[in-house]
Amino acid sequence: MESAMNLIHYLALKSLDTGPLKDNLALFSLLNLEMVNSSVLASLTTGIQLLENLLLKSVRTNENASAEICMQEKLYQQNKGNSMSNAMRMKAHLNRERLLGPLQDSRTTHIMTTVGEEALESETLIIDLINAGTSIIRINCAHGNPEIWSGIIRRVKQGSQMLEAPCRILMDLAGPKLRTGNLKPGPCVVKISPKKNATGNVISPAQVWLSHRGAGSPPPHLSPDAVLFIDDQEFLTEIKVGDTLRFFDARGKKRILKISRVFHVFSGTGFIAECTRTAYVSSGTELYIKRKKGRFPVGQVVDVPARESFIRLRVGDLLIISRDDTCDPDNSYGHRNGAHRITCSSGYLFDAVKPGERIAFDDGKIWGVIKGNSISEIVVSITHAGPKGTKLGSQKSINIPDSNIRYEGLTSKDLVDLEFVASHADMVGISFVRDTRDIVVLRQELEKRKLENLGIILKIETKSGFEKLPLLLLEAMKSGNPLGVMIARGDLAVECGWERLADLQEEILSVSGAAHIPVIWATQVLESLVKSGVPTRAEITDVAYGRRASCIMLNKGKHIVEAVSTLDNILKANAKQMKAKLKPHVLSSYLC
C-alpha cells in the first residue's frame with residue numbers, strides 16, 4: 001500500500017508545472033525535485049520544513065520562547081520525514097531482494113544472462129557464466145522446448161551449488177509477438193575461411209576444432225572459426241600434433257588440415273587444426289592421414305548444421321507476407337514475379353494493418369510501407385535497408401507501430417508454458433503487456449495455480465505499455481507476488497521511435513522507482529563485446545547509465561563470458577558511490 005501511495009504522489013507531482021519552483025530550490029541547494037521519486041511525500045515535507053527553518057532563522061527569535069517551541073516541532077516533523085524516507089528506501093531494497101535475490105559482493109546491480117541450447121552443448125558455459133558474475137539466468141520460451149529448458153535449469157542449479165553462488169532463473173513467456181515464419185533450411189555445410197589481407201593473401205590460417213561428437217564443444221577460452229565432429233573416436237586416437245589431414249570439400253577441391261594443438265576435454269580429446277585455403281565441409285566428408293606407410297582414414301565429418309536461410313531486401317523491393325506456408329518453399333532464397341516472399345502465422349497481423357502504415361522487421365533493421373493487404377497476404381514496399389541490402393531470416397520480429405493491433409494477453413502457448421515455469425523458475429516474464437486487462441488475466445492464472453511466490457516481470461516493449469505503466473504497476477501490485485519491470489529497448493525503440501528511447505527509459509526508471517519496483521535494463525547491452533569481443537565506447541557509457549537499474553541483462557553471443565566479466569568489473573567500480581535507488585538530497589546545514 002505504501003508503494004502504491006508513493007506512486008500516486010509521484011504522478012501528482014509530475015502533473016504540476018514545477019519548473020519555476022525547481023529553479024528557486026536550486027538557488028538554496030535544498031531539494032532536487034527530480035530525485036524524490038522513492039519517497040515523494042516525505043521528501044516534500046522535509047523540504048517544506050527546511051524552508052520554514054530558513055524563514056525562522058531570518059527573524060530574530062533568540063528571546064522568543066514560542067519560536068523555540070515552534071522550532072523544536074519543526075525539527076521533530078523533519079526527523080519524522082527523514083524516517084519515512086529511510087523506510088521507503090528500505091522498502092525498495094526489500095522488493096529488489098525478494099524478486100532478484102541478495103547480492104554477495106560489493107555490487108548493487110544484478111547481472112542477468114540469456115542462454116539457449118548452446119548451454120547444453122558446452123559442459124562449462126553455465127559454470128563460467130556464474131563464476132564471471134551472473135546471478136540470474138534467463139530462458140526465452142519462444143525458443144526451445146521443455147526438454148532443453150530442463151537441461152539448462154539442471155546445469156544452473158548444479159553450477160550454483162558447486163560454486164556456492166546463488167543464481168535465480170527467469171523464464172520469459174513468448175507472448176503474442178509477431179515474427180517471420182521459418183524459411184527452408186539451407187544446405188548442411190560449414191565454410192572454413194582463413195583471414196586474408198586486402199590483396200587476398202592469407203595472413204592467418206583458419207582455426208578448426210576437431211573432436212568426437214561425445215567430447216562436446218571446445219573449451220571456452222578457444223574461439224575456433226569452425227567446429228567439425230568426427231564419427232569414429234578410435235581413429236582420433238591416432239592423430240598427433242603435426243599430422244596433416246586431407247580431404248575433398250563439398251566442391252571436390254583438395255584441402256588439408258594441419259593439427260597444431262591437442263586438448264583433453266571432459267569426455268575425450270579435441271584438436272585445433274589450421275586450414276590455409278577456403279573450404280566447404282559437409283556431413284559425410286572423409287578425412288585421411290597421409291604417412292610414410294600410406295593413407296589412413298580418420299573418419300567422416302558428421303552433424304554439420306544447416307546454414308541459416310535468409311532473403312536479402314533492398315530499398316524499393318517488394319515483400320509479400322503470407323498468412324501460411326503454402327507459398328513455394330524454394331522461393332525462400334530469392335524472389336519471383338518481382339517480389340520476395342515470407343510467412344507469418346499470426347492472424348493479428350493480417351486483421352489489423354491498413355495500407356499506408358509503416359512496418360519494421362528484425363528490431364528495426366528493415367522498414368517498409370504497406371501497399372495493400374487481404375485476409376491472406378500483405379504487400380510491403382521496402383523503404384529502409386542497408387546499402388547492400390539487409391538480410392531477413394526466420395523468426396525475426398515484426399512491428400506495426402502505427403497500427404492499433406489488439407493482442408490477447410496470454411496466448412495458448414503461454415498458458416502451457418506457464419505450467420512448466422511454475423515448477424522450475426523463480427520469475428516469469430510477461431511479454432508485450434499493453435493494458436490492465438493483461439494484468440488481470442495474469443493474476444487470475446497465477447491465483448488458479450496458487451503461485452503467490454512466483455516473481456513477475458512486466459516487459460515494457462510497446463507504446464501502450466509505456467503510456468499505461470503507472471496503471472499496470474498499480475494493478476500488478478494488488479497481488480502479493482514479487483514484481484519487477486524490464487525495459488525491453490529493442491521493440492520499445494521501434495514502436496515509439498529511436499529518438500525517444502533515452503527519455504522513455506528515464507521515465508520508466510522514475511515511475512518504477514516511485515513504486516519501489518526493481519528495473520531490469522535490457523537489449524543490446526555490450527552487444528559488440530558479446531558478438532565480436534570488442535566493446536564500443538557508447539556501450540560502456542550505456543552500462544554505466546544502466547547501473548541505476550537493479551539488474552542489467554546480456555544476450556547470448558560468442559564472447560558472452562568475457563562480456564559478463566567486463567560488466568561485473570564495471571558494476572563493482574565505484575559501487576559505493578553508485579546506488580541502485582535514487583535518494584532525495586537535502587542540505588543538513590540548514591537544520592541548525
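**Close-up 1. The salt bridge between Asp243 and Lys240.** In this predicted model, the side chains of Asp243 and Lys240 meet in a salt bridge with an N to O distance of 3.7 Å, a salt bridge being a side-chain nitrogen of Lys or Arg within 4 Å of a carboxyl oxygen of Asp or Glu. Asp243 is buried at 8% relative accessibility, whereas Lys240 is partly exposed at 48%; buried means under 20% relative accessible area, exposed over 50%, and partly exposed in between, with a 1.4 Å probe and protein chains only. By the salt-bridge rule, the count comes to 24. Residues are numbered from 1 along each chain as its sequence is written, and side-chain values use heavy atoms, with hydrogens and water left out. Local features need pLDDT of at least 70 and side-chain atom pairs count only at pLDDT 80 or more, while totals for chains, interfaces and linings use all residues.

**Close-up 2. The salt bridge between Arg443 and Glu475.** The side chains of these two residues, Arg443 and Glu475, meet at 2.8 Å, N to O. Arg443 lies in helix 11 (residues 436-448) and Glu475 in helix 13 (residues 469-476), so the pair ties together parts that are 32 residues apart in sequence; helices (H or I, at least four residues) and strands (E, at least two) are DSSP runs, numbered from the N terminus. Both Arg443 and Glu475 are buried.

**Close-up 3. The salt bridge between Arg155 and Glu123.** The closest N and O atoms of Arg155 and Glu123 are 3.9 Å apart. This pair links distant parts of the chain, with Arg155 in helix 7 (residues 146-163) and Glu123 in the loop between helix 5 (118-121) and helix 6, 32 residues apart. Glu123 is partly exposed, at 42% relative accessibility.

**Close-up 4. A salt-bridge network.** Salt bridges link Glu419, Glu445, Lys448 and Arg449 in a network.

**Close-up 5. The surroundings of Thr134.** Thr134, in the loop between helix 6 (125-132) and strand 2 (136-140), is buried, with a relative accessible area of 3%. Its side chain makes a polar contact with the side chain of Thr113 at 2.8 Å; a polar contact is a pair of N or O atoms within 3.5 Å, where within protein one must be able to donate a hydrogen and the other to accept it, and residues adjacent in sequence count only if both atoms are side-chain atoms. Leaving aside residues up to four places away in sequence, Thr134 touches Ile111, Thr113, Leu129, Cys167 and Val564, contact meaning heavy atoms within 4.5 Å.
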